[in-house]
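Please read this briefing alongside the sequence and the coordinates.

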Amino acid sequence: MTDTTTRAAEILKGHRESIDRLDAILVYTLGERFKHTQAVGKLKAEHDLPPSDPAREESQIARLTDLANRADLDPEFAKKFLNFIIQEVIQHHKQHQS
């Protein structure tokens with residue numbers, strides 16, 4: 001390998017190590033988030049509340065869009081990601097109501 005190729009490989013390794021750490025943070029963060037949404041689902045089921053809250057979801061999407069813009073993240077990606085999470089949470093809440 002040439003010096004530039006070796007240096008590029010070192011830089012690539014550093015980026016990948018950072019990505020791996022960030023992936024771990026994301027997984028643990030999602031795990032913590034879902035612990036709370038599971039508790040919310042149980043609470044909603046106990047009090048006969050609907051599994052979804054469209055006003056809250058709309059507010060969250062607006063908040064995440066703003067955060068995405070400030071974080072230099074594609075807001076459309078952030079919306080898709082949050083919508084995916086919301087749908088998963090609603091399914092969990094429906095399971096608690098069964």
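The radius of gyration is taken over C-alpha atoms, and the rule for a globule is 2.2 Å times the number of residues to the power 0.38. The protein chain has a radius of gyration of 19 Å, whereas a compact globule of 98 residues would have one near 13 Å. This is a predicted model, in which local features need pLDDT of at least 70 and side-chain atom pairs count only at pLDDT 80 or more, while totals for chains, interfaces and linings use all residues. Residues are numbered from 1 along each chain as its sequence is written, and side-chain values use heavy atoms, with hydrogens and water left out.

**Confidence**
- The pLDDT, which is the predictor's confidence in each residue from 0 to 100, averages 93 over the protein chain, and 100% of the residues score at least 70.
- Confidence is highest in helix α1 (residues 3-46), at a mean of 96, and lowest in α3, at 88.

**Fold and dimensions**
- The protein chain has three helices and zero strands, where helices (H or I, at least four residues) and strands (E, at least two) are DSSP runs numbered from the N terminus.
- The C-alpha trace spans about 65 × 25 × 15 Å along its principal axes.
- Of the 98 residues, 17% count as buried, a class that means under 20% relative accessible area, with exposed over 50% and partly exposed in between (1.4 Å probe, protein chains only).

**Record annotation**
- The unreviewed UniProt entry carries the annotation "domain: Chorismate mutase" over residues 6-97; UniProt positions are given in the numbering used here, feature names are shortened, and annotations may be inferred rather than shown by experiment.

**Salt bridges**
- The whole structure holds five salt bridges, each defined as a side-chain nitrogen of Lys or Arg within 4 Å of a carboxyl oxygen of Asp or Glu.
- Glu-17 and Lys-13 form one of them, with the closest N and O atoms 3.3 Å apart; because the two residues are four apart in helix α1, they are separated by about one helical turn.
- Arg-70 and Asp-66 form a salt bridge at 2.9 Å, N to O, and both lie in helix α2; Arg-70 is exposed at 62% relative accessibility, whereas Asp-66 is partly exposed at 37%.

**Nonpolar surface patch**
- Leu-73, Phe-77 and Phe-81 make a nonpolar surface patch of about 270 Å².
- Leu-73 is placed in the loop between α2 (54-70) and α3 (75-97), and counts as partly exposed at 39% relative accessibility.
- Patches are made of residues with over 30% relative accessible area and no salt bridge, like charges being joined within 9 Å and nonpolar side chains (Val, Leu, Ile, Met, Phe, Trp, Tyr) within 5 Å; accessible areas come from the Shrake-Rupley method with a 1.4 Å probe, and for residues only the protein chains shown count as cover.
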